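Trainee: I would like to learn how to read a protein model feature by feature. Could we take a few kinds of feature in turn, with the general idea before the particular case?

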Amino acid sequence: MKFKSLFISSLLLASQSALLTAETPSLEAKDIKIAEQLRDEALKSSKGYAIVESLTTEVGPRMAGTAGDAAAVAWGEAKLKELGFDKVWKEPVTFPTWKRGVETAEVVSPFPQPLVITALGFSVGTPKGGLSAEIKAYETLQDLKDAPENDAKGKIVFIKYRMKKARDGSGYGPAVSARGSGAVEAAKKGAVGILIRSIGTQSHRMAHTGMMRYAKDVNKIPAAALSSPDADLLENMLTRGKPVTVKLTLGSYDGPEYTSYNVIGEITGSEKPEEYVLIGGHLDSWDLGTGALDDGAGIAITTAAAELISRLPERPKRSIRVIMWANEEQGLVGARAYAEMHKDKLANLITGAESDFGADRIWRIDSRVKPEALSVAKDIAKVMEPLGIKYGNNRAGGGPDLIPLRQLGVSVFSLRQDGTDYFDYHHTPDDTLDKIEKEALDQNTAAYVVLAYLAAQMNGDFGQKVE
Ligand SMILES: [Zn+2]
């Protein structure tokens with residue numbers, strides 16, 4: 001009797017410890033070896049470059065809701081099939097659209113000259129013949145907010161703030177608020193229009209577009225960005241002390257609702273096919289350039305990484321899902337639709353990462369995983385070390401299209417690219433293929449293939465409801 005109960009309790013112990021070992025997050029040496037081989041293979045492949053070359057050449061600009069958007073969806077589906085993904089499908093995403101139309105500006109007085117501008121996304125148009133008004137300048141959005149009531153009455157507000165260059169892109173946050181809410185704040189002070197210095201870091205004579213928003217019960221005024229040299233020009237004129245009058249003409253307007261698609265390709269797992277690692281980039285772009293850096297590069301890097309894994313003699317344990325996200329630029333629309341559609345099955349999503357910061361080299365990997373899985377995140381980082389990548393911290397953002405999933409507790413990784421030059425081109429006509437260096441793109445693919453493969457193979461998981 002005693003012997004029997006001992007036997008049972010030791011059985012119980014054995015099964016408990018088996019359960020514990022099975023659930024403790026860890027990597028196996030053989031998988032690390034395969035990840036190293038995939039990494040080295042990626043550095044020689046140049047597959048990513050072929051993908052972004054194809055997207056920018058055969059589709060080009062693909063702003064949400066345009067013919068380019070539809071062409072990009074067809075391209076994405078065909079490309080994933082051509083590359084041999086096990087499953088390819090698309091999920092619908094519906095949103096309002098915006099049309100750009102004509103966009104011109106000129107100084108009327110005291111020194112008549114043309115200005116290079118571009119409308120901000122979702123700006124209303126001006127009256128047909130244009131809008132002429134005196135310029136009222138502010139150093140920052142905050143200065144505009146702090147100004148007295150009616151300070152800009154009947155005027156066109158000009159925000160002078162210059163975005164600062166930084167490897168981690170940290171100059172963008174403080175600058176971009178003027179683009180997002182400048183029109184609302186200017187209208188509150190009685191302005192009839194707003195011009196901002198482009199949210200960018202270069203001196204070419206091109207203006208940067210991007211999203212802006214209106215608020216309920218605040219007058220909707222036209223909003224545009226000036227190229228940096230034209231912002232300088234306006235500043236110089238203002239130092240003469242005479243009123244500067246500008247004529248602004250925007251033909252932009254809201255279009256009808258449109259349905260696009262998140263395009264999804266999967267390498268199906270061999271042991272736990274319902275569980276998956278999510279990587280990807282956004283398929284839409286702004287309309288001015290060909291969207292090579294934003295975000296053709298992200299599409300290329302992650303698709304190439306998954307394709308490399310599909311060439312292994314055996315499928316990974318879990319599935320790898322590449323998502324070409326719909327309409328990121330106008331408010332993470334595809335990402336929100338995906339999170340809503342898949343929110344009941346998030347336990348299957350082991351981790352996610354989006355590549356959406358250009359095509360320069362990755363220098364750091366951040367994680368957002370449960371504490372017990374931190375050692376696995378650091379082991380993954382170790383495999384990336386020969387690529388010049390170091391582990392950073394456990395506060396990863398995961399990329400814009402991962403935000404809705406991260407907010408639901410999904411574990412994410414950030415493979416942080418060098419963004420020093422990114423805002424030289426971002427959202428301008430200059431976002432074109434020639435800005436991409438093949439070797440840098442391969443380095444990115446090498447890092448993503450390591451992350452995707454090891455996350456698909458790991459024992460245990462990165463956690464659910466990760467803070
Ligand atoms: Zn982007």
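Trainee: Where is the place of S46?

Mentor: Keep in mind from the start that this is a predicted model. S46 is placed in the loop between α2 and α3 (47–58), and with a relative accessible area of 26% this residue is partly exposed.

Trainee: What is the phi of S46, and how should I read such a value?

Mentor: The general idea is that most residues other than glycine have a negative phi, and that most peptide bonds are trans. In this structure, phi of S46 is near 55°, which is a positive value in a residue other than glycine. L332 is another case, with a phi near 50°, again positive in a residue that is not glycine. L332 is found in the loop between β12 (318–325) and α9 (333–342), and because its relative accessibility is 11%, under the 20% cut-off, L332 counts as buried.

Trainee: Let us turn to aromatic residues. How many aromatic pairs does the structure hold?

Mentor: The structure holds eight aromatic pairs. A pair of aromatic rings is described by the distance of the centres and the angle of the planes. One of the pairs here joins Y172 and F423, whose rings are stacked, at 4.5 Å centre to centre with 25° between the planes. Y172 lies in helix α6 and F423 in helix α12, so this pair ties together parts that are 251 residues apart in sequence. F423 is buried, with a relative accessible area of 4%.

Trainee: Is the pair of F357 and Y422 stacked or tilted?

Mentor: The pair of F357 and Y422 is tilted, with 4.8 Å from centre to centre and 55° between the planes. This pair links distant parts of the chain, since F357 sits in the loop between β13 (349–354) and β14 while Y422 is in helix α12, 65 residues apart. F357 and Y422 are both buried, and together with Y172 and F423 they form one aromatic cluster.

Trainee: Which charged residues lie over aromatic rings?

Mentor: In such a case one looks for the charged end of a side chain above the face of a ring. The charged end of R167 sits over the ring of W363, 3.5 Å from the ring centre, and K438 lies over the face of Y49, at 5.0 Å from the centre of that ring.

Trainee: What is the volume of the largest pocket, and which residues are closest to its centre?

Mentor: The largest pocket has a volume of about 980 Å³. Its lining is made of 40 residues, and those closest to the centre are Y172, D356, F357, G399 and P400. Y172 and F357 also belong to the aromatic cluster with Y422 and F423.

Trainee: Which parts of the chain supply the lining of this pocket?

Mentor: At least two lining residues come from each of α6 (172–188), β14 (362–368), α11 (403–407), β16 (412–417) and α12 (422–425), and α6 gives the largest share, six residues. The lining also draws at least three residues from each of domain 1 (26–95 + 256–457) and domain 2 (101–251). By class, 13 residues of the lining are nonpolar, 14 are polar and 13 are charged.

Trainee: Is P386 buried or exposed?

Mentor: P386 counts as exposed, at 60% relative accessibility, and its place is in the loop between α10 (374–384) and β15 (390–391).

Technical notes
Residues numbered from 1 in each chain as written. Predicted model: local features only at pLDDT ≥ 70, side-chain atom pairs only at ≥ 80, totals over all residues. Heavy atoms only, no water. 1 Å grid on protein atoms, 1.4 Å probe; cavity = no way out; pocket = protein on both sides within 12 Å on 5 of 7 lines; lining within 4 Å. Points joined across faces, edges and corners; volume = space filled by probe spheres on them. Helix = DSSP H or I, 4+ residues; strand = E, 2+ residues; numbered from the N terminus. Nonpolar A, V, L, I, M, F, W, Y, C, P; charged D, E, K, R; others polar. Domains from an automatic or database assignment. Phe/Tyr/Trp six-rings, centres within 6.5 Å; stacked < 30°, edge-to-face > 60°. Buried < 20%, exposed > 50% of the residue type's maximum accessible area, 1.4 Å probe, protein only. Lys NZ or Arg CZ within 6 Å of the ring centre and 35° of its normal.
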